[in-house]
Amino acid sequence: MQESIIHRAEFEANLGWYWLLSGAAYFTLSIVGIPLLLLWFPIGLWGTRRYIGNMSAQLTSNKLIVRRGILTRTENTVPLDKITDMALIQGPIMRLFGLHKLTVETAGQSGTGALISLVGIVDAPQFRTRVLEQKERFAQRPQAASPSVQPDDALLQNVVEMAASLKRIEALLSQQLNR
């Protein structure tokens, strides 16, 4: 059954520049990386555009679906009832660009850190609020009631027949002992 999408996240236009400048800062900090800056900008510009083009985050009635990747494409599907925390992080460079990092942690996830980390969602606080509100709606929805425990007619019939057989055996044994 195909679920309807409640909300699709969009990504900030300046996200690629944030990644480019962050990478350039790391290259600049290392002496070996300074010559690589000449390659970083053209390759990084191409790579960030492709990566952002392949990113998506969709909220459905009962799950959050995140897709991303260039060479290796990844899709994370997180049931809303498994989400334990959604954090908004904004470092100093992110503040300059007006970006937020949204992290999603789930019950039962292995390792440290967030299961999903998304940078550059347009109006990330609002997206977070929508996900948490939908999580609440999903949790309050009456779950399909499990069928009441009714004895299976065939099983009950077998038990009745076994009881009758035991009574006949008892009767035969008592006749044998009385002789």
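Let's start inside helix α1, where the buried residues are Leu15, Gly16, Tyr18, Leu20, Ser22, Gly23 and Ala24. Here, buried means under 20% relative accessible area, exposed means over 50%, and partly exposed is in between (1.4 Å probe, protein chains only). Keep in mind that this is a predicted model: local features need pLDDT of at least 70, side-chain atom pairs count only at pLDDT 80 or more, and totals for chains, interfaces and linings use all residues. Residues are numbered from 1 along each chain as its sequence is written, and side-chain values use heavy atoms, with hydrogens and water left out.

**Helix α1**
- The cover over the buried residues of α1 includes α2 (37-54), α3 (92-97) and β7; contact means heavy atoms within 4.5 Å.
- Helices (H or I, at least four residues) and strands (E, at least two) are DSSP runs, numbered from the N terminus.
- Helix α1 (residues 15-29) has 15 residues and should span 21 Å at 1.5 Å a residue, which agrees with its end C-alpha atoms being 21 Å apart. The expected span is 1.5 Å times one less than the number of residues.

- An open sheet is built from three strands in the order β5-β6-β7, with antiparallel pairing. Two strands pair if DSSP finds at least two bridges between them.
- At the edges sit β5 (83-89) and β7 (116-119), each pairing on one side only.
- From one strand to the next, the twist averages 15°. Axes are lines fitted to C-alpha atoms, for helices over the stretch in contact, and angles run from 0 to 180 degrees between N-to-C directions.
- Strand β6 (residues 101-106) is joined to β7 by four bridges, and Thr103 has Ser117 in β7 as its bridge partner.
- Helix α4 (residues 124-140) packs on the sheet and touches β5 and β6; its direction makes about 170° with that of β5.

**Asp123**
- You'll find Asp123 in the loop between β7 and α4.
- Asp123 counts as partly exposed because its relative accessible area is 45%.
- Asp123 isn't a glycine, although it has a positive phi of about 50°.

**Gln134**
- Gln134 belongs to helix α4, and it counts as buried because its relative accessibility is 8%.
- Leaving aside neighbours within four places in sequence, Gln134 is in contact with Ile6, Leu59, Thr60, Ser61 and Leu80.
- A polar atom of the Gln134 side chain lies 2.8 Å from the backbone oxygen of Ser61.

Note on methods. Polar contact = N/O pair within 3.5 Å; in protein donor to acceptor, adjacent residues only side chain to side chain.
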